[in-house]
Amino acid sequence: MDCFEHELTRRGRKDGHGNVKWSCVKISRILRNATYMGYIGYNKSKVNNFLEKKRSKNLDESTFILGKGDFEPIVTEALWRQCEEIRKNRIRTLQMPSGEERRQGTRIIQHLWVRKLRCRCGAGYNRFKWRVLQDGTLVYGYQCNFHTQNPAKSFVEKNHLAGQKSCDAISICEWKLSLMAKQIFDKLWGDQQEAVSKACQMVESCLHTAATQTSKEQENVHR
């Protein structure tokens, strides 16, 4: 989704408020909006009860009701359906330690640690800018997705929020992960300097032999 965000910004495309400001959330909301194919969506929100009448978003898309509108669509229904199929195919379900199921969208992940790291709560990690050094070098870190999207454990305990899920995993600086990986590989592989040097000598010997043989063949041709 990031590539769409950057491309729309590069082209100077304006959003519904007339601003050239895009985000993954905004683009995702557009892709899910059936209005663009000429339909009206119903049952997108629900009321908790008839007394309080507090309205909240309905996150279960399978219960949405779509009705054909009497206005001109922006895109064809076939194109919208194709986009919807691609989007749903990128959604997977994660099983939390508590037994609760969470839906998470998937995308092509570029960073190694984002692909590999998993929190003890079952969630993945996201990469963020930790700080900037004096020479301008960016230092990155990784934090649990579930931790960033929910209240902190200390807040939950302080306010006695029964039933509220939380994760107290701390953020990890990228250089610590790199150092950890290096130490593990050094321990597993041991000192491979002698083997690497021998392999390089063998390669150089083969290259020298091949070059000598080629030179002799060229001399024989000239004769």
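Because the model is predicted, local features require pLDDT of at least 70 and side-chain atom pairs count only at pLDDT 80 or more, whereas totals for chains, interfaces and linings use all residues. Residues are numbered from 1 along each chain as its sequence is written, and side-chain values use heavy atoms, with hydrogens and water left out.

Seven salt bridges are counted, a salt bridge being a side-chain nitrogen of Lys or Arg within 4 Å of a carboxyl oxygen of Asp or Glu. One of them joins Glu7 to Arg11, with the closest N and O atoms 2.8 Å apart. Glu7 has a relative accessible area of 28% and is therefore partly exposed; Arg11, at 49%, is likewise partly exposed. In this classification, buried means under 20% relative accessible area, exposed means over 50%, and partly exposed lies in between (1.4 Å probe, protein chains only). Glu7 and Arg11 also belong, with Arg10, to a network of salt bridges.

A further salt bridge is formed by Lys26 and Asp15, whose closest N and O atoms are 2.7 Å apart. This pair links distant parts of the chain, eleven residues apart: Lys26 is in helix 2 (residues 24-32), and Asp15 is in the loop between helix 1 (2-10) and helix 2. Helices (H or I, at least four residues) and strands (E, at least two) are DSSP runs numbered from the N terminus. Asp15 counts as buried because its relative accessibility is 12%. Lys26 additionally lies over the face of Trp22, at 5.8 Å from the ring centre. The charged end of Arg127 is placed over the ring of Tyr140, 3.6 Å from its centre. The criterion for a charge over a ring is that NZ of Lys or CZ of Arg be within 6 Å of the ring centre and within 35 degrees of the ring normal.

In helix 3 (residues 77-89), which contains Arg87, the side chains of Glu84 and Arg87 meet in a salt bridge with an N to O distance of 3.0 Å. Because the two residues are three positions apart in helix 3, Glu84 and Arg87 are separated by about one helical turn. Glu84 counts as buried at 12% relative accessibility, as does Arg87 at 15%. Beyond neighbours within four places in sequence, Arg87 is in contact (heavy atoms within 4.5 Å) with Arg32 and Glu61.

Val156 is located in helix 6 (residues 153-158) and is buried, with 8% relative accessibility. When residues up to four places away in sequence are not counted, Val156 touches Pro151, Leu161, Gln164 and Ser166. Val156 and Ser166 are ten residues apart along the chain, and their C-alpha atoms are separated by 7.5 Å.

Phe128 is partly exposed at 22% relative accessibility, and Trp130 is partly exposed at 36%.
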